[in-house]
Amino acid sequence: MNLTVMPHGDIRIIRIEGRLDGITSPQLEQEILRLCEEGCHRLAFEMDALEYVSSAGLRVLLLAVKKTRAAGGRVALYGVGSAIREVLEISGFLSLFPVLATKEEAIDSLTQ
């Protein structure tokens, strides 16, 4: 998995490439915790290059929701492929955060 964090004002865009599973999810978890400790509580996850997500990966996305909400922030996902969207739907995660088509829509949802 490759992670890229890009600032957009007080929002951080986190691009996830590859597989988000039991082996790679600790890397994302550490990045989320670091960002929250630095005071960033609005996260947009770019997922167009995410190929697979396991239950361990879902747990880390849930951690992001809990950490950001506790500080008055939010999480949004965008560019989610059909296979990943299906996993999010089956697991009930679609109710936790907006899943949007574009970066602009995600940023708009986080700034409102």
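1. Basis of the model. The model is predicted; local features need pLDDT of at least 70 and side-chain atom pairs count only at pLDDT 80 or more, whereas totals for chains, interfaces and linings use all residues. Residues are numbered from 1 along each chain as its sequence is written, and side-chain values use heavy atoms, with hydrogens and water left out.

2. Length of H1. Helices here are DSSP runs of H or I with at least four residues, and strands are runs of E with at least two, numbered from the N terminus. The 13 residues of H1 should span 18 Å at 1.5 Å a residue, and the 18 Å between its end C-alpha atoms agrees with this. The expected span is 1.5 Å times one less than the number of residues. After H1 comes glycine 39, with a positive phi near 95°.

3. Faces of H1. Ser25, Leu28, Glu31, Ile32, Leu35 and Cys36 are buried, while Gln30 and Glu37, on the other side of H1, are exposed. Buried means under 20% relative accessible area, exposed over 50%, and partly exposed in between (1.4 Å probe, protein chains only). The buried residues of H1 fall within an arc of 130° seen down its axis, so they line one face of the helix. The arc is that of the directions from the helix axis to the C-beta atoms. These buried residues pack against strand S1 (2-8), strand S2 (11-20), strand S3 (42-53) and H2.

4. Packing of H1 on H2. The axes of H1 (residues 25-37) and H2 (residues 55-70) cross at roughly 5° and come within 9 Å. H1 and H2 are therefore roughly parallel to each other, a term for angles under 35 degrees. Contact means heavy atoms within 4.5 Å. Among the residues making it are Leu28, Ile32 and Cys36 of H1 and Val60, Leu63 and Ala64 of H2. The residues of this contact divide into eight nonpolar, three polar and three charged.

5. Leucine 94. This residue lies in the loop between helix H3 (82-91) and strand S5 (99-100). Leucine 94 is partly exposed, with a relative accessible area of 28%. Not counting residues up to four places away in sequence, leucine 94 touches Leu88, Glu89 and Val99. Its C-alpha atom is separated by 9.8 Å from that of leucine 77, 17 residues apart along the chain.

6. Glutamate 89. Glutamate 89 is in helix H3 and is exposed, with a relative accessible area of 54%. Glutamate 89 and glycine 72, 17 residues apart in sequence, are 25 Å apart in space, C-alpha to C-alpha.

Key: Axes fitted to C-alpha atoms, helices over the stretch in contact; angles between N-to-C directions. Parallel < 35°, antiparallel > 145°, perpendicular 65-115°, else oblique. Nonpolar A, V, L, I, M, F, W, Y, C, P; charged D, E, K, R; others polar.
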